[in-house]
Amino acid sequence: MVRLESVSVTLGGRRVVEGVGADLDGGVIGLIGPNGAGKSTLVRAIAGLVQTEGGILIDGVSVASMQPRDRARRIAYLPQGQIVHWPLTVERLVALGRLPHLAPFARPGEVDMRAIGHALERTELLSLRNRPIDELSGGERARVLLARALAAEAPLLLADEPLAALDPAHQIDVMALLRAEAARGATVIAVLHDLTLAARWCDRLLLIDQGRLLADGRPAEVLTADRIGSVYHVSAFIGEAGGEPLIVPLSHH
Amino acid sequence: MTKSLRIDLVLTLLALACALLSLGLGPAHLGWGRVLAALAGRGDPIAETIVWQLRLPRALLALLIGAMLGGAGAALQGYLRNPLADPGVLGTSSTAALGGVVALYYGFAAINPLMLPLFAIIGAFAGLIPLLLLAARSEGPLALILAGVAIATAAGAGISLALNFAPNPFAAVEIMTWWMGSLADRSFLHVWLALPCIAIGLGLILLEGRALDALTLGEEGATALGADLRRTRLMLLAATAIGVGGAVAVSGAIGFVGLVVPHLVRPFTDRRPSSLLIPSALGGAALLAAADALVRSVPTLEEPRLGVVTALIGVPVFLHQLMRARRQW
């Protein structure tokens, strides 16, 4: 369970996140909002990577007070535009996700190898496991990085724009994977830009604008034409296709 | 046998072979029979004196110093995530060399043979202070690299100044020859001086292997994986100052080993920074032992300086790497 108590973040003298409060307990939670709204900063704050005011508690424990390794075991963080500095093989890269679980100087044990294999299997990377990461396509790379986060098997998964650079088929695959993580009992928080995918796959949406939490609820409650108009400055068609929600931005105003 | 164990074993044998080869080389022509008998303690007194007092310390120092330079190069390339990093990039070798030059210039080195290495180690630590101050504010590697370049430049200027104002030509030559790096005329005293420094330096580096792996995902990625980067930075800076400081103290400045060796061994590893540390140390030991054997086998009047030979070996390898730079290392 993640509890945000009036979380604020100031970066370079500018208030980027302002008084966000919410209780997040299980399911896939979509963080949506325009560019620069503070979504990524909020995710980094939950991951314990930026200084925050207010409280961020995971299962009642403040993130700020956690030991780094303990925090890493509880939170898997998939950043936006992850850089990989050395051309490790897919399997070695995914294995990095197990680092917080390893005792000092211990090699990955049976549990770790199973988690790595499972993450590779779920992201359909088993056949690529020995390929160096710099030889993969953008979509394959994104899956490897997601697999790295999944291998941690943390109760909280933070994914910052996990769908960027993915084609529609892989976007659906990734959302299905995030759902499966939630079904396993994890809380998944994902920053998303595609409102249709957000509406379709998330249990709950948090709409952020200018650092503030504007709306919090089920997708149909949050994504109204009025809100989309005032926050994104677009008119939008909101409807259904085959029983699934469909949101099409029409024009910038 | 795993792949990583195999490469470690091959490099260990290579290093030992190079060291053994260098035991057979020197101005006095002994022949392998006498050298091996002396090593086993059953040789004639002259051979035993030459092998045990002159050649063995030299071979051991080549292995130790090469290992330190190679290991530090691999660690710094991993930490700074920059394939061009080496112990020189932090300015440590330069400030250590400046310390040594100060000892020579002001005549401390003439008082006691231990003064020169002592001053070099002091120089290495003194170089750390501005580095920590300059780089303390930012987490990124760029500030450290730039600070290191500034410190190395300042130390280089100091060495030039000493040459500039040298009281007489002999003093200038003495400074120059020490600075260019050599293992000639070293004794077990130097081994005992360098050994603890290098053991501590390499030990600290190996402790940080996992943090270096985590840094593959950048600073924020590593922090999210539970790495304590402030600790890692402190440990690696201390390792470099103690280890490389101790190495430069007894050998003078030896370039390119720390830069080149990680590149040479990287293709044989799985490219995780941690899996590069031990092979780089072993490869550095082999390279420096080979270079030290080489300087003694070329038929010149004056032995070429070790730092010069490692650079001569290093530059072509380095250029080869640059040519292939299209592929990421």
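Predicted model: local features only at pLDDT ≥ 70, side-chain atom pairs only at ≥ 80, totals over all residues.
**Helix pairs, a chain contact and a sheet**

Trainee: How do the directions of H4(B) and H7(B) relate?

Mentor: Helix H4 (residues 92-105) of chain B packs on helix H7 (residues 141-164) of chain B at about 20 degrees, with the axes 8 Å apart. Axes are lines fitted to C-alpha atoms, for helices over the stretch in contact, and angles run from 0 to 180 degrees between N-to-C directions. Under 35 degrees counts as roughly parallel, over 145 as roughly antiparallel, 65 to 115 as roughly perpendicular and the rest as oblique. H4(B) is therefore, relative to H7(B), roughly parallel.

Trainee: How many residues of chain A are in contact with chain B, and how many of chain B take part?

Mentor: Contact requires C-beta atoms, placed from the backbone, within 7 Å. By that test, 21 residues of chain A meet residues of chain B numbering 20.

Trainee: Which helix gives the largest share of chain A's side?

Mentor: That side divides into 14 nonpolar, 3 polar and 4 charged residues. Here Ala, Val, Leu, Ile, Met, Phe, Trp, Tyr, Cys and Pro count as nonpolar, Asp, Glu, Lys and Arg as charged, and the others, Gly among them, as polar. The largest share, 4 residues, comes from helix H2 (residues 68-74) of chain A.

Trainee: Which strands of the open sheet in chain A stand at the edges?

Mentor: The 6 strands have mixed pairing in the order E6-E7-E8-E3-E9-E10, where a pair needs at least two DSSP bridges. Two strands have a single partner each, so one side of each lacks a neighbour in the sheet. They are E6 (75-78) and E10 (212-217).

Trainee: What residue stands opposite Leu31(A)?

Mentor: Strand E3 (residues 27-32) of chain A runs parallel to E8(A), joined by 5 bridges. In E8(A), the residue opposite Leu31(A) is Val191(A).

Trainee: Where in chain A is confidence highest?

Mentor: pLDDT is the predictor's confidence in each residue, from 0 to 100. Chain A has a mean of 93, and 100% of its residues reach 70 or more. The lowest mean, 87, belongs to strand E12 (residues 244-252) of chain A. The highest, at 97, is in strand E8 (residues 187-191) of chain A.

Trainee: How are residues, chains and ligands labelled, and what pLDDT do local features need?

Mentor: Residues are numbered from 1 along each chain as its sequence is written, while chains are lettered from A and ligands numbered from 1 in the order in which they are written. Side-chain atom pairs count only at pLDDT 80 or more and totals for chains, interfaces and linings use all residues, whereas local features need at least 70.

Notes
Contact = placed C-beta atoms within 7 Å.
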